[in-house]
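Subject: Structure handover

Hi,

Here is the structure you will be taking over. Please open it alongside this message.

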Amino acid sequence: MTMFRTARRTHERGPAPEALRLVKVTRTYGEAESAVTALDGVTLSLARGTFTAVMGPSGSGKSTLLQCAAGLDRPDSGIVMVDGTEMTGGGEAARTRFRRDRIGFVFQQYNLLPTLTVAQNTVLPLRLAR
Ligand SMILES: Nc1ncnc2c1ncn2[C@@H]1O[C@H](COP(=O)(O)OP(=O)(O)O)[C@@H](O)[C@H]1O
Ligand SMILES: [Mg+2]
């Protein structure tokens, strides 16, 4: 798996804070001899205002990485920090609230609500968060 990032920042004063930080994140699927380690102690840091593309062959762990980074999945071990807040701390409900308030995610299969317009789909999290 490879990462490309731009160094462009929206804030030029001082070092940019981290938008995302992963510390020794591990995620294994299955058990015993059928176990697959998709993430094996991933540590990374992305600065605010930068753009990152994660690239790699099918099965290299891109989706697992994004799901753990976005709070859609929970790593077996390690820490995920989004904008200075640890997301791996709380339970399912806390993570759901955090996602709704802080994270935007466009799925490969889109997962849009077909009865809503593009604009309505876009602002739905804001309406749920009031
Ligand atoms: N739900 C799952 N159950 C079992 N194995 C899985 C599951 N999701 C992913 N894997 C395995 O984890 C590895 C990484 O998969 P994935 O994160 O989907 O990679 P990518 O998105 O780069 O194709 C692969 O070996 C895949 O087969
Ligand atoms: Mg994938």
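Below are notes on the ligand site and then on the core.

Please keep in mind that this is a predicted model.

The ligand site comes first. Ligand 1 has a shell that includes Tyr-29, Val-36, Ala-38 and Pro-57. The run Ser-58, Gly-59, Ser-60, Gly-61, Lys-62, Ser-63 and Thr-64 also belongs to this shell. By type, the shell holds four nonpolar residues, six polar and one charged.

Gly-59 has a polar backbone atom 2.7 Å from an oxygen atom of ligand 1. The side chain of Lys-62 places an N or O atom 2.8 Å from a ligand 1 oxygen. For the side chain of Thr-64, the distance from an N or O atom to an oxygen of ligand 1 is 2.5 Å. On its own, ligand 1 has 560 Å² of accessible area, and the protein covers 58% of this. The most come from α1, which gives three.

Now the core. The largest nonpolar core has 13 residues. Leu-20, Leu-22, Leu-44, Val-80 and Val-82 have the most contacts inside this core. At least two core residues come from each of β2 (18–29), β3 (36–47), α1 (62–69) and β5 (77–82).

Leaving out residues up to four places away in sequence, Leu-44 touches Met-3, Leu-20, Arg-21, Leu-22 and Leu-65.

Best wishes

Methods. Residues are numbered from 1 along each chain as its sequence is written. Chains are lettered from A and ligands numbered from 1 in the order in which they are written. This is a predicted model: local features need pLDDT of at least 70, side-chain atom pairs count only at pLDDT 80 or more; totals for chains, interfaces and linings use all residues. Side-chain values use heavy atoms; hydrogens and water are left out. A nonpolar core is a set of buried Ala, Val, Leu, Ile, Met, Phe, Trp, Tyr and Cys residues joined through side-chain atoms within 4.5 Å. Buried means under 20% relative accessible area, exposed over 50%, partly exposed in between (1.4 Å probe, protein chains only). Helices (H or I, at least four residues) and strands (E, at least two) are DSSP runs, numbered from the N terminus. Contact means heavy atoms within 4.5 Å. A residue is near a molecule or strand if one of its heavy atoms lies within 4 Å of it. A polar contact is a pair of N or O atoms within 3.5 Å; within protein, one must be able to donate a hydrogen and the other to accept it, and residues adjacent in sequence count only if both atoms are side-chain atoms. Accessible areas come from the Shrake-Rupley method with a 1.4 Å probe; for residues, only the protein chains shown count as cover. Ala, Val, Leu, Ile, Met, Phe, Trp, Tyr, Cys and Pro count as nonpolar, Asp, Glu, Lys and Arg as charged, and the others, Gly among them, as polar.
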